[in-house]
Structure formats: C-alpha cells, structure tokens
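Biologist: I'd like to learn how to read helix packing, sheets and pockets in a model. Could you walk me through them?

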Amino acid sequence: MDSDTFRDLEKFQLSNYEIKAYSSLLLKGPMRASEIIKVTGIPQPRTYDVLGKLQRKGLIIMNSSINKTYEAIMPSAALRHNVEYMNEYIDRLDKYILENRSDFEIRAPNVWFIENSKSVMLKLELMISESNSEIILSMEYHKLAELLPALRRARKRGVTICSVMKESIDEKSLVTLSELGILRIRSIMPVEIVVVDRKIAFLNANSLSQTSDYSIFIQEEELVDVLDYYFFNMNWVSSRYYRDFDGMENVKISSSWLACELIDNAFSKGYKCKVEVEGFDASGPVSLNADVISVKRIQGLQYAFVIKTITGTYTVGGKNATLEDIKMVSGVFNFEKE
C-alpha cells in the first residue's frame, strides 16, 4: 500500500490508525475486525475504538448480519460535507476580514519567487482567469494539461492564446492545443514562460537551469516586456506553425511583435487587415479604427505596423514604444480577402 497517497487524510482529522483502517477497507474491500488487525497491525485493544470513530465520521459502515463486516465509503461521498463546510467557512472568513479589517493601502508585490509547484499552478490559473486579450505560453504538456479548463474559459471570452510546444508530444495533445488558438512546435523543449496581456509574466527558472528550482512571477512593466521579447526570440523564432491565424476573427493582441506576425501571416494569404487600436499617443489616450498597411521591423529595436485612417498614416508599436506614433495597449484585428 502506498501510504503517502493517504497521508493527507490527516487534514480531515484522521489519526494514523484511522487512516490505516480506512485505506485498507478502501483497497481490500469489506473485512471483519480480526482481518483488519492482521492487515493493518493496529493493536487489538484499539481496533474497535478506531472503527467506532470511523463509523461516527461517516467513513465506514458495519453490516451486523455478516459477522460484523466493515465496509468503507468512497472519499468523494464520505468527505464531501467536509469540503462543502470548508468552502463555506472560507467564504465567511473572507467576508468577515473584508468588512472588519483596518484601513490600509494594499499594494500587490511586483515580483514573486515561488518554490511550491501547487502554488505555481494556482497562480497561473489565476493569471489565466483574469486575462482579457492575449496569453502567450510555453511549458511541458503535463503541466499545461492542468490549465486546460482555465484556458478554454479564456478562449470562450475571446482571449487570443498562442502556444509553443515541443513537437514530440502526441498528436492528440497537439490537436487539443491547436483548438485553443495559435500553436507552434519545435524540436527541443522551450523555456517555460507565460505572459498574460503584456501585464504579468511567469518564468520557470528550472527550465533555464537545472540548478534553479523556483518560479518567478513578474508584474513590473519593463521586466514583463523583457520576458515577452525573450519568449519571442528564444521560443517563437526557433519554432514553426502547427496552426496559424487562418480562419480566426476578432483576434485580440497586446504584443506588437505578435501583431506583426499576425499581419504578415494574413498578407501572405491574400487577406486585407483592419484593426481597432487602443493606446496612447503624445497627447494622451487614443482609440482608432484603421486599415493596416504594412509591417516595420528592425531586429532588436522595432516591431511595429503601419495603419491608415481618414486623418493620416501612423506607426503603432508596443506600450513602451519609443519610435512609433502610437503605443498600443491592445488591438482587435479582422481580415477579409482582397
């Protein structure tokens, strides 16, 4: 018996003997007390006390007509009320804290270092659930599979999802990822990075160096930009399309380099491109509906596109653009055949 699998039952206030008896009944089926003693090694004077406690907790039942045989109830049923109670308690606790805590300024930290893998996955799920326009990511498929429900919900909200994966994963998994959005593949495992809305980014340091066993979450704007472009240069450039932008509508983009990729992809297939740009120019916020004319790239310096409106022609770059007329916060792109 793999005792580690059942060890966390301690969190449901089960003693070591109770865990031994309960897990044995779950795995081996109904048994009499004498059989439980042989299997678990629980001292005979303690056995009936242990079984009585398990009965009162609703984890086992006793069939008195068959030599007092004990039978386990599956955890999904027996422990459900504990889970429901804890969820309700957490809600009450959060509400009480929000209503009664002292006034103080809450400022989220801009950089987090996290070593616990469960905490990493919960933080990633939260990032994805709060996304509005764009998610770019690369990670091992067994980890990404845990995030699929959150990614599917994001896709239904209209968020653009771009993945870079190692090509050796099975075809079924590749098809699953391609259904989420744009997918590129490469021969070696890419560095594990997730960037959401060009606002918050994740890096698994272990995917860079086997000696680094931690993950970083960044919300500093300049550092997010660095990681976003690192993703482009280290993961995206060295990969190839499994599924491109063809057939997509209302494509939301936050990163200017990804907008350039999208536009080039559309132009190469004979599409005209229109964009609704939200951003800033020298005078403040701007919102424009425009035709996309061309792409402007200077390696390592500029990733921009050119738009035309009734008032003139403008270059559009990322939100920290220095060479362009407009700093793009987000854009929604649509296409039609020439």
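**Reading the fold step by step**

Modeller: Gladly! This is a predicted model, and we can begin with a helix on a sheet: α11 lies across β4, β5, β6 and β10, running at about 95° to β4. Helix α10 lies across β4, β5, β6, β7, β8, β9 and β10, at about 130° to β7.

Biologist: What is the strand order in the open sheet of eight strands?

Modeller: The order is β3-β9-β8-β7-β4-β5-β6-β10, with mixed pairing. At the edges, β3 (111–114) and β10 (240–243) each pair on one side only. Neighbouring strands are turned by 15° against each other on average, direction ignored. Inside the sheet, β4 and β5 pair in the parallel sense over four bridges; Glu-134, for instance, has Thr-160 in β5 as its bridge partner.

Biologist: At what angle do α10 and α11 pack?

Modeller: Their angle is about 45°, and the axes are 9 Å apart. That makes α10 oblique to α11. Residues making the contact include Phe-231, Phe-232 and Trp-236 of α10, and Trp-257 and Leu-258 of α11. By class, the contact has six nonpolar, one polar and two charged residues.

Biologist: And how do I read a pocket?

Modeller: Rolling a probe the size of a water molecule over the atoms shows where empty space is left. Here, the largest pocket holds about 310 Å³ of space. Of its 18 lining residues, Arg-198, Tyr-229, Leu-301, Asn-320 and Ala-321 lie nearest the centre.

Biologist: Which element supplies the largest share of that lining?

Modeller: Helix α10 does, with three residues.

Definitions and conventions: Residues numbered from 1 in each chain as written. Predicted model: local features only at pLDDT ≥ 70, side-chain atom pairs only at ≥ 80, totals over all residues. Heavy atoms only, no water. Axes fitted to C-alpha atoms, helices over the stretch in contact; angles between N-to-C directions. Helix = DSSP H or I, 4+ residues; strand = E, 2+ residues; numbered from the N terminus. Parallel < 35°, antiparallel > 145°, perpendicular 65-115°, else oblique. Contact = heavy atoms within 4.5 Å. Nonpolar A, V, L, I, M, F, W, Y, C, P; charged D, E, K, R; others polar. 1 Å grid on protein atoms, 1.4 Å probe; cavity = no way out; pocket = protein on both sides within 12 Å on 5 of 7 lines; lining within 4 Å. Points joined across faces, edges and corners; volume = space filled by probe spheres on them. Pairing = 2+ DSSP bridges.
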